Amino acid sequence: MSKNCEGNCRLGKVGGEAVLEGVMMRSGDRYSIASRLEDGSITVSNHSYTSLRKRNKFFNIPIIRGVVTLVESFKLSFKVLTLSAEAIGMDLDEPETKFEKWLLDKFGDKIFNIIMGIAGVLGVFLAVGLFFLLPTAATKGLDYLLSLCGLSLGWAKTLCEGIIRIAVFVCYILLVSLMPDIRRTFEYHGAEHKTIACYEAGEELTPENAAKHTRFHARCGTSFIFVMLIISVLVFSLPFVPWDNIWLRYAIKLPLMPLICGLGFEFILFAGKHDNIFTKILSAPGLWMQRVTTREPDLKQLEIAITAAKAAMPDEFDYSEVEATIEASKPEKEEDIEDAKEENDD
C-alpha cells in the first residue's frame with residue numbers, strides 16, 4: 001500500500017460479480033475468473049479489459065461515466081458468464097429441452113437461431129413492460145379509479161409510480177431466488193462481498209478471515225439499482241414530465257434514464273468511500289435487498305472468491321499463491337472426485 005495514499009487505499013480497488021460456480025474479480029485493467037469444477041478442482045483464467053473511460057477523457061466526465069460504466073458492465077457480464085460456463089464444461093450450443101432439440105432436428109440451425117433471437121427480443125420487451133410501462137400505467141389507472149370517488153393522487157402520483165416499480169423489482173428478485181441454481185449463485189455473490197470486505201479491512205485473505213466479514217456492500221449492483229429507483233422518483237417529479245398524456249410521459253422519461261443512471265453511479269462511488277447518515281439512508285434499501293441477492297457462503301466458495309481476487313491483483317499478491325491453491329484443489333484419487341461431485345450436487 002502506498003505511503004502517500006490518504007485514508008484506505010484499498011477502498012474501490014477491486015470489485016466483482018458471481019458467475020456460474022465461481023467468482024469474477026476485477027482490479028484496474030485486469031479481471032480474473034475462478035471456478036469450481038465438478039471434481040472439486042479450481043480453474044482460473046485471467047483477462048485484460050481497458051475501459052473507455054481510460055481511453056478517452058470525455059467518457060470519464062461525471063454523469064457520463066456512469067452511463068459508460070453501466071453499458072460496459074452489461075457487456076463484460078455477458079462475456080464473463082460465457083467464459084465461466086465454458087470453464088465448468090457447460091455446452092452452450094447444446095439445446096436444453098426436448099422442444100429445442102425437436103426444432104433443431106426439424107428446421108435446422110437457422111430457424112432455431114431465429115426463434116432464440118425472437119425469444120431474446122420478447123424478454124427485453126417483457127422487462128421494459130414490467131419495470132418501465134406497467135408502473136406508470138398502474139398509477140394512471142389507480143388515479144382514475146380514485147377520481148370516480150372524487151379523490152386524486154395529486155402530487156403523490158410519481159411516488160406511487162416509484163413504489164410500484166420497486167415492488168415489481170422486489171417480487172421479481174424473490175421469485176428468481178427460489179431457483180436452486182440462482183440461490184447457489186447468490187452464495188458466490190456473498191463470497192465475493194465478504195472477500196472484498198476482508199481485503200478492504202486490511203486482513204490476510206483466508207476463507208476463515210473472510211467468513212467473519214459482512215456479505216453486504218454499498219457498491220453492489222443491487223444497491224445501484226435501488227439508488228436509481230429512488231433518484232427516478234425525484235427526476236420524474238419534475239414539471240416537464242407530465243401526467244396528462246401517458247405516452248408523452250413515456251417519451252420524456254426514456255431520454256432521462258441516462259441522467260438517472262449517471263447520478264446513481266456518482267452516489268455509489270461516493271457511498272463506497274464515505275460513511276455518514278446521508279449515505280446510510282440512501283444505501284439502506286439496497287443493503288436490505290442484498291439479504292436476498294446474497295447468501296452466506298461456505299469456506300470452499302470463499303476460497304474461490306479469494307483465488308479470483310489474488311489473481312486479479314498481481315501487484316499485491318504473488319501469483320504462486322494462486323497456482324498453489326489450484327494445485328492443492330486437484331483430487332488425488334477417484335474416490336475424491338466422486339465425493340466432490342456428490343458435494344456439488346447437494
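Is Lys54 buried or exposed? Lys54 is exposed, with a relative accessible area of 56%, where buried means under 20% relative accessible area, exposed means over 50%, and partly exposed lies in between (1.4 Å probe, protein chains only). The structure is a predicted model, in which local features need pLDDT of at least 70 and side-chain atom pairs count only at pLDDT 80 or more, while totals for chains, interfaces and linings use all residues. Residues are numbered from 1 along each chain as its sequence is written, and side-chain values use heavy atoms, with hydrogens and water left out.

**Salt bridges**

- A search of the whole structure finds 16 salt bridges, each being a side-chain nitrogen of Lys or Arg within 4 Å of a carboxyl oxygen of Asp or Glu.
- Lys54 forms one with Asp29, and the closest N and O atoms of this pair are 3.1 Å apart.
- Lys54 lies in helix α1 (residues 52-55) and Asp29 in the loop between β2 and β3 (30-36), so the pair ties together parts that are 25 residues apart in sequence; helices (H or I, at least four residues) and strands (E, at least two) are DSSP runs, numbered from the N terminus.
- Asp29 is partly exposed, with a relative accessible area of 32%.
- The side chains of Glu161 and Lys253 also meet in a salt bridge, at 2.8 Å from N to O, and this pair links distant parts of the chain, with Glu161 in helix α4 (residues 157-176) and Lys253 in helix α8, 92 residues apart.
- Both Glu161 and Lys253 are buried.
- Arg10, Lys13, Asp315 and Glu316 are linked in a network of salt bridges.

**Glu266 and Arg65**

- Glu266 lies in helix α8 (residues 246-273) and is buried, with a relative accessible area of 19%.
- Arg65 forms a salt bridge with Glu266, the closest N and O atoms being 2.7 Å apart, and the pair links distant parts of the chain, since Arg65 is in helix α2 (residues 64-87) and Glu266 is 201 residues apart from it, in helix α8.
- Arg65 is buried as well, with a relative accessible area of 17%.
- From C-alpha to C-alpha, Glu266 and Arg65 are 8.7 Å apart in space.
- Not counting residues up to four places away in sequence, Glu266 touches Pro62, Ile63 and Arg65, a contact being heavy atoms within 4.5 Å.

**Nonpolar cores**

- The largest nonpolar core has 26 residues, and those with the most contacts inside it are Val23, Met25, Val44 and Leu205; such a core is a set of buried Ala, Val, Leu, Ile, Met, Phe, Trp, Tyr and Cys residues joined through side-chain atoms within 4.5 Å.
- The elements that give two or more residues to this core are β2 (22-27), β4 (42-48), α5 (180-200), α10 (299-312) and α11 (319-329), and the largest share, 8 residues, comes from α10.
- Leaving aside neighbours within four places in sequence, Leu205 is in contact with residues including Thr195, Tyr199, Ile306 and Phe317.
- A second, separate core of 14 residues includes Val235, Phe236, Val241 and Ile260.
- In soluble globular proteins, nonpolar side chains tend to be buried together.

**Nonpolar surface**

- Ile277 has its place in helix α9 and is exposed, with a relative accessible area of 62%.
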